[in-house]
Amino acid sequence: RAPATMATTLVVAHGVDVRAACVLSSSSHKRRSTRAGVIQSTFKRDSEVGMTKVTSSIDLPKKTTPTRPAKLAKRCPFPMHKFVAKASPPSGRFLWASRGISSGTGLKPLNIESDWFGEDFGIDAISGREDSSSKITKKQTKWAKEMRVRHALIDSPTDLGCVVWNHTAAPAAEALLPKMCDWLVKRYPTKYVRTLDGGVKLPALNNYKTGPLTTLKGLDALKTCANLVQEDLCFVRETIAGDDDGADVGCDASSGDGRITGDDRNGDTIGEDTDSGVATEDSSRHTTLNPDTVPKHTFEAGVVCFSFDPRQRHGATLAELHAPVPGYEEKMKSAVGKVFANLTTKKPLWRANWALQNNNQVISTALEWHPSNLAIGGVAMRKTFANVSDDDDAFADQHHVGFQDPLSELPKTKREAGHMMHLRVEYETVFRLPGPERAVSRWILFTVKTHLDPISELDDDTKGSLLTAINESDEHELSYKSLGNTTVLGSVVG
């Protein structure tokens, strides 16, 4: 991405030099297309360890796009406990792994055996060994705190709005519960303990017990699943166009993976990127979808405590769910639809997205139960109570309310940004439920795990990746990521 007109050292919060000098014109906060000029690079990324000093500088003429290194070692953000053991904030590992560069849908193959649910215990996730360092102790407290919030929301006698339900999801919820319990007991044996009645208990959460799993049906099964993890859980139902009840048209029952297969595929071709393992358009392959049998995917049931208001999206299609995302319609709508249509139980996927926010609250400001929204009278009152001018767009995005808290200050300097601004990363997985019956395998589980850390705690390499991600974003993307305010953006990049 071309940079600038006024040379300045870029800093991502708290005055930490990310070892790159870049030029940003004031207009670059508004339009990516105006970013042009000279980059003076005093450091380059090493394929393994991050930054290595070099002596030369590179002058790029206006409208020239810098050439990225042809070969860089792949970085993996898993397993999480390796990053926690090094006191590295869990949120930063995804930007570090991508080097701040995004492409396509961002979907990658998921190792479901180890990385399905990323519980924030701050421990060696295999052995359960506790670590006494202050950062890891804080993560342990964070897990318990978030879980208590979830239980209070989910089990409230009053409908607070975090649970949405459709009775057709009952078979899926009942199939998911024992699978989740088996996975959690195996992955985190000291945190999830099998009980004599066949259920699971959480010793670190006041010995919460599920009770016998076979007695939990329908909505109760869904709520119990949600009470076990920090992730928000969403059930997406697949239906064939023209079917009143989502019958097994196009389903290969013998495979048990629930996909639309065989002779029902004609039309748009689907291929698979051998590097990423996700569906892509490829004319050399002939796995196709007939327009008359293209499956429809809708959000029908779930428990969402932290990421978005499920009531506003209940019953929405994939396209409607992603309507607020800048560029989704033009860049990703077709690809995402094909990915879901071709998703199998053996090839689950994951992706991560990021934004910045000005407080440490994991509950999104899009939710009525966010503490500040409760205090001011609801989401609609956000800008009224925010200490900003009338023409400030930090709280006024018509498609997305962003993540800025109206009762918390917005930073004006890089030092303020270091402790005020937090990197919010949502780690998402998509997994088709296994089973020989279409009543189960037609359902896709979409999970969202929110990680949140002050940007001052990120290491220099991750801050450099964040800086790259910011420079890669256009005006609409910056606004969506809560960086539409020029003062806030300036304080973050220095």
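This is a predicted model: local features need pLDDT of at least 70, side-chain atom pairs count only at pLDDT 80 or more; totals for chains, interfaces and linings use all residues.
A residue is called buried when its relative accessible area is under 20%.

**Strand β14 and its partners**

Strand β14 spans residues 295-303 and is mostly covered, since eight of its nine residues are buried. Strands of a sheet pair through backbone hydrogen bonds, in either a parallel or an antiparallel manner. Strand β10 (residues 232-240) runs antiparallel to β14 and is joined to β14 by eight bridges. Within this pairing, V236 stands opposite F299 of β14. Strand β6 (residues 163-164) is also antiparallel to β14, with two bridges between them. Here V164 has G302 in β14 as its bridge partner.

**The sheet β7-β8-β9**

An open sheet is formed by three strands in the order β7-β8-β9, with antiparallel pairing.

| Strand | Partner | Bridges | Direction |
|---|---|---|---|
| β6 (residues 163-164) | β14 | two bridges | antiparallel |
| β10 (residues 232-240) | β14 | eight bridges | antiparallel |

Residue F385 belongs to helix α11, which covers residues 382-385. Its relative accessibility is 40%, and F385 therefore counts as partly exposed, a class that lies between the cut-offs of 20% and 50%. Together with M381 and L407, F385 makes a nonpolar surface patch of about 260 Å².

Residue V440 is located in helix α13 (residues 438-441). With a relative accessible area of 11%, V440 is buried, because this value falls under the 20% limit. Which residues does V440 touch, not counting residues up to four places away in sequence? With those residues set aside, the contacts of V440 are P171, A175, L433 and P434. Of these contacts, A175 is 265 residues from V440 along the chain, yet the C-alpha atoms of V440 and A175 are separated by 7.3 Å.

Notes:
Residues are numbered from 1 along each chain as its sequence is written. Side-chain values use heavy atoms; hydrogens and water are left out. Two strands pair if DSSP finds at least two bridges between them. Helices (H or I, at least four residues) and strands (E, at least two) are DSSP runs, numbered from the N terminus. Buried means under 20% relative accessible area, exposed over 50%, partly exposed in between (1.4 Å probe, protein chains only). Patches are made of residues with over 30% relative accessible area and no salt bridge: like charges are joined within 9 Å, nonpolar side chains (Val, Leu, Ile, Met, Phe, Trp, Tyr) within 5 Å. Accessible areas come from the Shrake-Rupley method with a 1.4 Å probe; for residues, only the protein chains shown count as cover. A salt bridge is a side-chain nitrogen of Lys or Arg within 4 Å of a carboxyl oxygen of Asp or Glu. Contact means heavy atoms within 4.5 Å.
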